[in-house]
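Notes are below, in the order I went.

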Amino acid sequence: MTGAEIFVRSLIEEHVDVVFGYPGGAVIGIYDALHDISDIKHILTRHEQGAVHAAEGYAKASGKCGVALVTSGPGATNTVTGIADAYMDSVPIVVFTGQVALKLIGNDAFQEADIVGITRPVTKHNYLVRDVNELAATIKEAFYVATTGRPGPVLVDLPKDVMAMKTVFSYPKSVKMRSYIPHAEGNQKQLDKAVALIAKAKRPVLYVGGGTILANAAEELTAFARKTNIPVTTTLHGLGAFPETDELSMGMLGMHGTWYSNTAVNYCDLLIAVGARFDDRVTGRTDAFAPEAKKIHIDIDPSNISKNVKVDVPIVGDVKKVLQQLLPQVTALDTKDWRQTIRTWKEEHPLRYRNGKYIRMQHVIRAVSDATGGNAVMVSDVGQHQMWMAQFFRYVHPRTHLTSGGLGTMGFSLPASMGAAFARRDMPVISMSGDGGFQMNLQELATIREHNVPVKIIILNNGYLGMVRQWQELFWRKRYSHVEMFGPDYVKLAEAYGIPGLRATETHEVEGVVQQMLATQGPVLVEFKTVKEDNVYPMIPAGQTYHEIIDIPNDSSAPQTGEQESDLELVTIAKG
Amino acid sequence: MATAAETPADQAVHKHTISVLLENKFGALNRVAGMFSAKGYNLESITVGPTEDATVSRMTLVTKGDDAIIEQIIKQLNKLIDTLKVVDLTYESFMERELALIKIATTAENRPEIMQIVEIFQGKIIDISHKTLTVEATGSGQKVDAIIKMLKPFHIKEIARTGRVALKREFVGEV
Ligand SMILES: Cc1cc2nc3c(=O)[nH]c(=O)nc-3n(C[C@H](O)[C@H](O)[C@H](O)COP(=O)(O)OP(=O)(O)OC[C@H]3O[C@@H](n4cnc5c(N)ncnc54)[C@H](O)[C@@H]3O)c2cc1C
Ligand SMILES: Cc1ncc(C[n+]2csc(CCOP(=O)(O)OP(=O)(O)O)c2C)c(N)n1
Ligand SMILES: [Mg+2]
């Protein structure tokens, strides 16, 4: 078998059902081997960045490994943003890149790029295959490394001549690496310490992160919170790990988290971090984060423990396994007073916005949340709409909120939603982007049309790079520098791609258009023209502490031209 | 600025010698060196070479940092997929050696004095010409520093140092 045939057979052995890719000279042999294969669907994206985000969306929505295949040189370098994104957010993907022939490597050969060197700092691991006899084992190892322990992207560079060489195909049954052995179980001594701390806590908080979802441990976490009566706040990546309909839920914490979750964290006496990495968007100034609390940290990556914030009880292990170990050892806590205090905070400082004639992004998001009952895979982009999606959608299932959090990659949503739609047919997949981010990867509309991928594409169009505009307004004396932005006629654009387009410009149309969108078979694009200037609150300015929190001002969502102050209607929601 | 006396013990910056065993694979040195530069850690010296097992390389690193930074460095080294074992030798009894080649411009007049210094340090003269003399010095980093310091007043033309290699000491008791 040739290397190219071995490659294809190996993917089948890994049960890969879809590959997002883009051909070129260095992988033409691989594409030839793919030609007659029906077990693997190959989706030709319109840009390699789109292929990698699609693989990420597939992985995040399904929990399986995403796969991308691209050519050497520019094909490979176009994947770097997606790979860095997957690295920051611990997304299991394997990216295969073509490479020039072994003997040409280092010669500035046509379409040569040292992609192994370029991606070393943004991959969990990467490989250059130098011998066809090592190909199958390398592919096996790549999938193993990507999906075990703390997941992450792995890149495999495939020189053209290696893929043409022949050898006998034999796919390893298992992987044994003496240098990489992830540990799932928590150390009993640490577990005992944790149990003792939990039993004593009066004002405990569970701080739940993306690791809980990566570990498929939403069920265990929910059981743990309910058994112990401990209120739950999640990070941006933890949304969906705990149902936001439960009274213990406090929604998201951090820079744009709810007022009450940040307040609870500030006053809690025990903070249990579950697969969360104390990111600076969450902690603000680290020495003032949860200052009164003892801290327990469950994380599979030892290097994330006590990296930003020193913890009292580190538990290295898989969230699912560790929670299973802890569950029988914990008992119900009397947190009635603490929960009552939190309930009061929720009533006094709910999430809120003022509705008027013109559309507020918050309103669209709430309408989609209500219309779907949380039964939708929401794929956000980066910016103000992303934060409002975290706040105003009520998440009830894991893997229903996909976003680029660590790298904050604009242009993520559209291709990622396409990937998610290949993984999930049980719920609608809804992409929401700002006008800025949408224009970064809109080429994938063609891919979506070609394969009739049933994504519902929402553009929340404020005509601004809204998040940057907000910072310029608040911290740079309202000097708006290069943030106002022209965009195309999105409805016509959709139609040009053969996708039905809808538009709403006033609030009273929102619910109807959302219904129409959800009722449409196949892909559909909806533009909501929203108010131009509105700010995301609450906000803890970067690097500051809880005490600098700015709650949602009563005069936010200011009246627009054509609206009266008195016409504005205050809408409040509280998570949990 | 905090004086040494005010700095809490765990925030004091110390020099550490760390020994790493790695799979002997293509690019392993790059992964380690890249990690140090990406994270902004200090790297005073790094040496790498084969071991008794052909599939394993040993890397010896000399770095500086407070306790938290050293802890992160060790965790990050362990996190690299090819890493087999990381040992911070600093808290153990260990042997270390470094080798330096020192080329000095000489004259007939100062040559004897130089040779005397070399002898005191148990160095070797490994090359000699009318105008130069090259010394091989081995020993702990401190010893190599010391001989270089002694030779400084003469005209040192070039120095090549290997960086440190180290192994844990098995002998227990006074040396
Ligand atoms: C504009 C913008 C604003 C933002 N504002 C906020 C904000 O207000 N609040 C907020 O929370 N975030 C915010 N973010 C996101 C933020 O930057 C981080 O991406 C996010 O907080 C990290 O989430 P996490 O701690 O859950 O970690 P993740 O990045 O999801 O990492 C997962 C953690 O779990 C561990 N892990 C993985 N698998 C397992 C397993 N099986 N078992 C155990 N542990 C495991 C990993 O080692 C890691 O520590 C914002 C992002 C953007 C772009
Ligand atoms: C690729 C990339 N470039 C730049 C940024 C910086 N950035 C963060 S949010 C933002 C504005 C996003 O604007 P838009 O997509 O319209 O969303 P809005 O904030 O208006 O909802 C920018 C430019 C980024 N996150 N990603
Ligand atoms: Mg915008």
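These entries cover chain A and then chain B.

Entry 1, cores. I kept in mind that this is a predicted model. I started with the largest nonpolar core, which has 66 residues. The members touching the most others are A:Tyr207, A:Leu271, A:Phe289, A:Val368, A:Met378, A:Met432 and A:Phe528. I checked where the core comes from: domain 2 (188-347) and domain 3 (359-530) of chain A each supply at least three residues. There is also a second, separate core of 47 residues, and I noted A:Ile43, A:Ile115, A:Val379 and A:Leu445 among its members.

What does A:Phe289 contact, beyond its neighbours within four places in sequence? I found A:Tyr207 and A:Leu271 on its list, along with A:Leu253, A:Val265, A:Phe278, A:Val282, A:Thr283, A:Lys295 and A:Val309.

A:Cys268 is buried because its relative accessibility is 0%, under the 20% cut-off. A:Cys65, at 13%, also counts as buried.

Entry 4, the sheet in chain B. In what order do the four strands run? I read S2-S3-S1-S4, an open sheet with antiparallel pairing. Strands S2 (45-50) and S4 (83-88) of chain B are the edges, each pairing on one side only. The twist averages 15 degrees from one strand to the next. I then followed S1 (residues 14-23) of chain B, which pairs with S4(B) over five bridges; B:Ile18 has B:Asp88 in S4(B) as its bridge partner.

Technical notes
Residues numbered from 1 in each chain as written. Chains lettered and ligands numbered in written order. Predicted model: local features only at pLDDT ≥ 70, side-chain atom pairs only at ≥ 80, totals over all residues. Heavy atoms only, no water. Core = buried A, V, L, I, M, F, W, Y, C linked by side-chain atoms within 4.5 Å. Buried < 20%, exposed > 50% of the residue type's maximum accessible area, 1.4 Å probe, protein only. Domains from an automatic or database assignment. Contact = heavy atoms within 4.5 Å. Pairing = 2+ DSSP bridges. Helix = DSSP H or I, 4+ residues; strand = E, 2+ residues; numbered from the N terminus. Axes fitted to C-alpha atoms, helices over the stretch in contact; angles between N-to-C directions.
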